[in-house]
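This report describes selected features of the structure shown below. Headings mark the topic of each part.

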Amino acid sequence: MEYVLWCLAGTVYGIILGVVPLAGAGTAMLLLFSFVGFFAEMPYAGLVFLISVIASSSTADSYTSLLTGIPGSNTTAASIIDGHKIAKNGEAARAIGIAMADSTFNAIVFGILAFALLPFYAPIVYKFGLPELFMLMTLSIAVVAFIVTKNIWCSLFAIGAGSFLGLIGLDPHHAEPRFTFGTLYLEDGIPIMMMVGGLFGFPELMYGFRKDAVRPAPIKNYFTQLIQGWKDAVRLWKDSLRGGFIGFVAGMLPGVGPVGDMLAYGATVKAHPKEKFGVGNPKGLAGCEGANNAQKAGSLIPTVLFGIPASPFAAIFMAMCLGFGLDVGTPYMLEDKKFLWLLGSSFIGATIFTFIICTFTSKLLVKILEIPYWLYATLIMAIIVYTCQTYTGLYMDYLTLGGCTLLGCFCKHYGVSRPAILLTYIIIDKWENLGGQMMQVYDLPDLATRPLFLFLLALISFLVYKAITQKDRGIDYW
Amino acid sequence: MKKMLTLVAVMLFTATSAFADFTIYAGTKPGSGFDQWMQPVLKELRKFLDEDITVKYMPGARGRTMLNKWENELRFEDPNGLAVSGGTQGSNWLYINKVEYDFENYDAVGIQLMDIMVGKRKSWNPKTDNLTWGNESGLGDTMGTIMLFCGNLDGKIESYKKCTDERLNLVKGMKDGPATMAYMRGEMDIFRGNPTAWAKKMSKIKDGELWFTQGVYDRSTGKAGDNPNHPGMHFDAVFERTWGEAPKGEMYDAYRLAQTFNDALQKSIWIQKGNPKKAIIVDALRKMLADPESQAALKKVNGGAEYDWAIAEEGDKVVKQIKKLATEQALKDTVWIIKAVFDYDVVYNPDRISK
């Protein structure tokens, strides 16, 4: 019962933060960073709360995209293209109905697929020795570099910046300070909360100030239109499932998850070549809306199995779980039945709670969108600053957050992939470490006898070859 | 429900320590190994205090950020302040740069005298087999490991360099968790753990056995003695069983210096000298340790093992006692072997030599 209450609390909090324009799951969790210590005594309650925030905010962020045309989070931009048109055509509740049904359906299907199979992955994880883990990290960096953005120079800049920031701290091989500029503060590296707050939180919120005030599209004949939307979603289940599948797979690939909805939208358009999109086509909304939810479930798989967060929100999730004392990313957790059960059940439970709550409170939730933007944006910024300064309380907290914010604004302005920077920052020191350790423990002839290592090596080689020779490299996301 | 309401209250009041009666400064992140020991201890301690204790995490530079700030500012500015420190901060005092703190400048509230256990694969023979191993958290126990598989040699520290060059593959940059994982995958020959982690590790590891314990600091002798939780597995006893003689020589003194500063100060709580609130917190600690329910809870934290506490003046004596181990030769040898074998950035600081 206690966990049900935590799930409900996380759902309500996630819905509210989800509706706030440009916030989303990442910001919602970032604001909770200063309360990590609170959950140290009850880590499983913390886990349930976090997962509920992720699940519910991923559905609730659709309100903003559909009704105002401003993304509720950076993973729901595709919903605007047709969804906002439907709302502007006087069928706001219908758009909400399609989005809610689509999100709930995909969250449940891909949530079950992701979490029910996790215990069976444990024996596979033990097959990943130092060489395989090193190649997995290399694959992650290759994916980040070559898939996420069309402009390879922007990708390389992102990789360079992420690498530099990730390598700040003590050199693990000699315990010597590296890029710390003589400060003790930086010997533990740049805290992840500064990176997320500076790279994503502040730039997104500041970007919102530049947007004109938008009144949400009015909701009329709520229940009639809502049920019509549900019926649409059932009718368009193939588009919905395709979108969910694309989001799910994209979610598992580092750096690709945040663009899962755009990929799903593109696939929907291709699947219906004779139809017109961008004019309020329900298929356009059904084809991409659930990708966001499935992406969340997919991103948690590499996070839980290997400690490789595939998306920014997963990076925060992992950092917070470690703060609760849950060693996410180690096989220990895969043997922890309680952990696995709560992970899956709270994701599904929060999705169902969200569906029920949103069905009956949509009109109330939309009121949040009528609050002046500057009011909640300022409040959220203040909480981010507060959260970051709880790290040590030293002036370096502010300086580091300021530096990360400058970098975030620069990247947003010039189209440099911020997820690529964040993911490289997280991965690079593990990659460096594993590379050195692999060379210390294994000789080249040993490596040549490891099939999984060779398979990953071939996959990376293929990816790099395709990236160099293929003109249409991917899609932009920054 | 009650906990949830508490969270809301905490959020409303922005969780600042200004409302707390005691603030405990921890140079670690929430959820760290140290935190997994500290949280249950504080939970029990609160039962015997009329005031609350709030934790202020201040991670950075392996605890130096917080302890340096404690040394220079916090202990003077915060009349309700306590500090906690772990083994890394204890041994860092000996040989790491930019350490401004000194435990003798504060009063001990309590020091739990702990141990480190080292395990090995059952089939691995320390006398004949080579060793692949790495753990950046365990400089002290790695020194013990080196001694136990090299033997006394000629008693000179330089001889251990030759032995490790020939037989030890020291894998760099291994943290505790990944090192244990590497052991479980068959990539390492040994593993280690502090009392909080040991039982948990042993429950997961199928092919492994306790090799030796470093020993628990014995206040009567001023040396690491047998661990009552693992009788007969003390380093010295295992060494004698392996090599037919007692451990001795420069390497042994260097090992004991690094190991004792790590283990004896592995879990410590401090307060500023002369702080009038010392009596309150010490009294609560004594009551907690006398209470059977709390004892059971604390035993659970250490995987069912019991470890003694040196409280207040007893803790101050421990600090004074262990500093005597820092002779000029032992300190020089410790720094030399860490540089030569581990290739770590450590410094010889003559100020650390016992006066």
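## Helix α7 of chain A

Helix α7 of chain A covers residues 152–167, 16 residues in total, and reaches 22 Å from its first C-alpha to its last. That is close to the 22 Å expected at 1.5 Å a residue, the expected span being 1.5 Å times one less than the number of residues. Helices here are DSSP runs of H or I with at least four residues, strands are runs of E with at least two, and both are numbered from the N terminus.

Within α7(A), the buried residues include Ser155(A), Ala158(A), Ile159(A), Ala161(A), Gly162(A), Leu165(A) and Gly166(A). A residue is termed buried if 20 or more other C-beta atoms, placed from the backbone, lie within 10 Å of its own; it is exposed if there are 12 or fewer, and partly exposed in between. Just after the helix, Gly169(A) adopts a positive phi of about 135°.

## Basis of the model

The model is predicted: local features need pLDDT of at least 70, side-chain atom pairs count only at pLDDT 80 or more, and totals for chains, interfaces and linings use all residues. Residues are numbered from 1 along each chain as its sequence is written, while chains are lettered from A and ligands numbered from 1 in the order in which they are written.

## Overall form of chain A

Chain A contains 20 helices and two strands. Its C-alpha trace spans about 70 × 50 × 50 Å along the principal axes.

Of the 478 residues of chain A, 61% count as buried. Two residues are in contact if their C-beta atoms, placed from the backbone, lie within 7 Å. Among contacts in chain A between residues at least 6 apart in sequence, 81% join residues at least 24 apart.

## Contact between chains A and B

The contact takes 38 residues from chain A and 41 residues from chain B. On the chain A side, α1 (2–19), α13 (312–324) and α18 (418–441) each supply at least two residues. The largest share, five residues, comes from α18(A). By type, the chain A side divides into 19 nonpolar, 14 polar and five charged residues. Ala, Val, Leu, Ile, Met, Phe, Trp, Tyr, Cys and Pro count as nonpolar, Asp, Glu, Lys and Arg as charged, and the others, Gly among them, as polar.

## Domains of chain B

Chain B is divided into domain 1 (2–112 + 265–323) and domain 2 (117–262 + 326–352), with bounds from an automatic or database domain assignment. The C-alpha centres of the two domains lie 27 Å apart. Their contact takes 26 residues from domain 1 and 27 residues from domain 2. On the side of domain 1 that touches domain 2, α4(B) gives the most, with six residues.

## Strand β12 of chain B

Strand β12 of chain B (residues 267–272) is largely enclosed by the rest of the structure, because six of its six residues are buried. Lys267(B), Ile269(B) and Ile271(B) point one way from β12(B), and Ser268(B), Trp270(B) and Gln272(B) the other way. In a regular strand the side chains alternate between the two faces of the sheet.

Two strands pair if DSSP finds at least two bridges between them. Strand β3 (residues 81–86) of chain B pairs with β12(B) in the antiparallel sense over five bridges, and Leu82(B) has Ile271(B) as its bridge partner. Strand β4 (residues 106–112) of chain B also pairs with β12(B) in the antiparallel sense, over six bridges; here Gly110(B) is the bridge partner of Ile269(B).
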